[in-house]
Amino acid sequence: PASASADRRLSMSQHTAGASRDTRHDGRLNRQARSAAKSARNAAIKRAEAELALLTPRIVDHIKHETLRLEAALLAARAHDDNFRSYVSEAYDAGQHLRDVADTMGYRLVGFIATNLCTIIETADDAGIDYPAAVLDCYLDALQLIQTAPYLDKQLADLPELSTALLQAVQYTKTLAARAARAPATAI
């Protein structure tokens, strides 16, 4: 019995020694694999950052161009002439281009305005209602305001009154759309 117990201990210690040796071996391989993966990841990040640095000026130019295009379309829509729908469509197109990149590139106010303006136009289109001219004017005024010297470096959080007013304009359009949906159809 004593020798059986000693054999069992010997067997257990051999098993334990083998397991720890495997663990050390696996640990070394895992560390090497993690190190190689980390190096590859760091290299990929550096390449992406370098590429982004090259693209940033073009993206900023794109944002400025689309902002001017949005402003021009909204300004033209103010005339409320025969081309009104075309101008609103142009504003929507410019707004879509802006909402895709402006916020990401640090132009949060422009992105906020563009995103909400697109929501307003989509809401009016979906409900089949006229675009609320006063709301479009409000967004044009906001867009022009944020491009003036006192507002150039402001963030959305710095202008709670402006963001609240713009969100109220979105809500107003949604309310108009809901009313139109509840209104009975008139026979011609």
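A crossing of two helices is called left-handed if the near helix is turned anticlockwise from the far one by less than a right angle, and right-handed if clockwise. Helices (H or I, at least four residues) and strands (E, at least two) are DSSP runs, numbered from the N terminus. This is a predicted model, in which local features need pLDDT of at least 70 and side-chain atom pairs count only at pLDDT 80 or more, while totals for chains, interfaces and linings use all residues. Residues are numbered from 1 along each chain as its sequence is written, and side-chain values use heavy atoms, with hydrogens and water left out.

**The whole chain**

The mean pLDDT is 85, and 84% of the residues reach 70 or more. Helix H1 (residues 2-77) has the lowest mean among the elements, 76, whereas H3 has the highest, 96. Where pLDDT is low, the predicted coordinates should not be read in detail.

Next, display the cartoon. The protein has five helices and zero strands, in the order α-α-α-α-α from the N terminus on. Of its 188 residues, 27% are buried; buried means under 20% relative accessible area, exposed over 50%, and partly exposed in between (1.4 Å probe, protein chains only). Among contacts (heavy atoms within 4.5 Å) with a separation of 6 or more, residues 24 or more positions apart account for 71%.

**The loop between H1 and H2**

Select His80, which is found in the loop between H1 and H2. Its phi is near 50°, a positive value in a residue other than glycine. Most residues other than glycine have a negative phi. His80 is partly exposed, with a relative accessible area of 48%.

**H2 against H3**

Now select residues 84-101 and 108-127. How do helices H2 and H3 pack? Their axes lie 8 Å apart, at an angle of about 135°. That makes H2 oblique to H3. Axes are lines fitted to C-alpha atoms, for helices over the stretch in contact, and angles run from 0 to 180 degrees between N-to-C directions. Angles under 35 degrees count as roughly parallel, over 145 as roughly antiparallel, 65 to 115 as roughly perpendicular and the rest as oblique. H2 passes H3 in a left-handed crossing.

Show the side chains at this contact. From H2, the residues are Val88, Tyr92, Gly95, Gln96, Leu98 and Arg99; they meet Val110, Ala114, Thr115, Cys118, Ile121 and Glu122 of H3. By class, these residues divide into seven nonpolar, three polar and two charged. Ala, Val, Leu, Ile, Met, Phe, Trp, Tyr, Cys and Pro count as nonpolar, Asp, Glu, Lys and Arg as charged, and the others, Gly among them, as polar.

Centre the view on Val88 in helix H2. Is Val88 buried or exposed? Val88 is buried, with a relative accessible area of 2%. Not counting residues up to four places away in sequence, Val88 touches Ala77, Ile121, Tyr131 and Leu136. Leu75 is 13 residues from Val88 along the chain, and their C-alpha atoms are separated by 9.9 Å.

Select Asn116 in helix H3. Asn116 counts as buried, at 9% relative accessibility. Beyond four places in sequence, Asn116 touches Tyr139, Leu167 and Val170.

**H4 against H5**

The contact is made by Val135, Cys138, Tyr139 and Ala142 of H4, with Leu162, Leu166, Leu167, Ala169, Val170, Tyr172 and Thr173 of H5. Its residues comprise 10 nonpolar, one polar and no charged.

End at Leu167 in helix H5, which counts as partly exposed at 43% relative accessibility. Leaving aside neighbours within four places in sequence, Leu167 is in contact with Phe112, Asn116 and Tyr139. Leu167 and Ile113 are 54 residues apart in sequence and 9.4 Å apart in space, C-alpha to C-alpha.

How values were computed: pLDDT = per-residue confidence, 0-100.
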